[in-house]
Amino acid sequence: NECPGNQWCIQNGALFGRLDCFIDRCHDVLDLTNTIIQFSKLSKVEIGGTKGFTLTSTIHQIKCDFQTAVDAVKNVEYDIMNIEATQFNSEYSEFRKCVKEIERRLGAVIGLALDDCETVYGRFQLVDSFDQQLLERPIIKDEVETKQIELVQSYGKDLKVIQEEFLKYKDDPPKATVQSLPPISGALTWCRGLGARVKIPMDKLKELDRNILDREEAKEVIKVQ
């Protein structure tokens, strides 16, 4: 900038070029660190269902492949905070490319696992087993949001089934549910069970991303409650 008392034209790039490069490098390292933290919990994920063993093994393999990509960056023979080491840029670019491919694989596995879940509550539990920041990564988020829309629709169908069940048996609860209980206690136990089938998934549904909750199907489901 030109100063009135000093007619020098000062270029910011000349003064702060190295600082800007260092800040960019810090952002890259921070992103690398956050990515490692998000993927680190994959080794603890266990998926149930008929395809659980296969899907769990696939996730663990994805975690191993991710660790290989991380090791390639961690084991370089230079200080990654040294901005003179420009080779870091290509190393980091390759790492990001690997991560995008891993995200696509992981998103596909999560989608298959959600399809394999037999209950609405089981699907919510499955989503909760993953790091929430990991699920916010764009490629994974697109896959999960598609399945969450289907989840909301499934829950809406469940609500109608529960409503029909209540109307059908409200005066005479199913004997298998209330066996060995006095009539009133049995009826209350049955009602509590129906209430739990409604409330627990509903509480989870309300925690979904606003993009999902603002959809008409989600609003209709919440109204039914």
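I count a salt bridge when a side-chain nitrogen of Lys or Arg is within 4 Å of a carboxyl oxygen of Asp or Glu. I applied this to a predicted model.

I looked up Lys199 and Asp203. Their side chains meet in a salt bridge, 2.7 Å from N to O. Both residues lie in helix 8, four residues apart, about one turn of the helix. Asp203 is partly exposed, at 34% relative accessibility.

**Entry: pairs across the chain**
I found 13 salt bridges in the structure. One of them joins Arg137 and Glu103 at 2.4 Å, N to O. This pair links distant parts of the chain, 34 residues apart. Arg137 sits in the loop between helix 5 (132–135) and helix 6 (138–169), and Glu103 sits in helix 3 (residues 87–116). I checked burial next. Arg137 is buried because its relative accessible area is 16%, under the 20% cut-off. Glu103 is buried too, at 4%.

I then took Arg197 and Glu165. The closest N and O atoms of their salt bridge are 3.2 Å apart. Arg197 is in helix 8 (residues 183–205) and Glu165 is in helix 6, 32 residues apart, so this pair also links distant parts of the chain. Arg197 is partly exposed at 39%. Glu165 counts as partly exposed at 21%.

I also noted a network of salt bridges that links Asp115, Lys147 and Glu150.

**Entry: a charge without a partner**
Which side chain of opposite charge is nearest to Lys63? I found Asp71, 8.7 Å away. Lys63 is buried yet has no salt bridge. The residue is in helix 2 (residues 52–74). Leaving out residues up to four places away in sequence, Lys63 touches Phe39, Ser40, Leu42 and Ser43.

**Entry: the whole chain**
I read the secondary structure as ten helices and two strands. The radius of gyration is 26 Å, well over the 17 Å that the globule rule gives for 225 residues, so the chain is more spread out than a compact globule. Its C-alpha atoms fill a box of roughly 90 × 50 × 25 Å along the principal axes. Buried residues make up 33% of the 225. I noted 30 positive and 37 negative charges, with mean positions 6 Å apart.

Is Ala176 buried or exposed? I found it exposed, with a relative accessible area of 67%. Ala176 lies in helix 7 (residues 175–178). From Ala176 to Cys64 I read 47 Å, C-alpha to C-alpha, and 112 residues in sequence.

Definitions and conventions:
Residues numbered from 1 in each chain as written. Predicted model: local features only at pLDDT ≥ 70, side-chain atom pairs only at ≥ 80, totals over all residues. Heavy atoms only, no water. Rg over C-alpha atoms; globule rule 2.2 N^0.38 Å. Buried < 20%, exposed > 50% of the residue type's maximum accessible area, 1.4 Å probe, protein only. Lys, Arg positive; Asp, Glu negative; His and termini not counted. Charge placed at Lys NZ, Arg CZ, Asp CG, Glu CD. Contact = heavy atoms within 4.5 Å.
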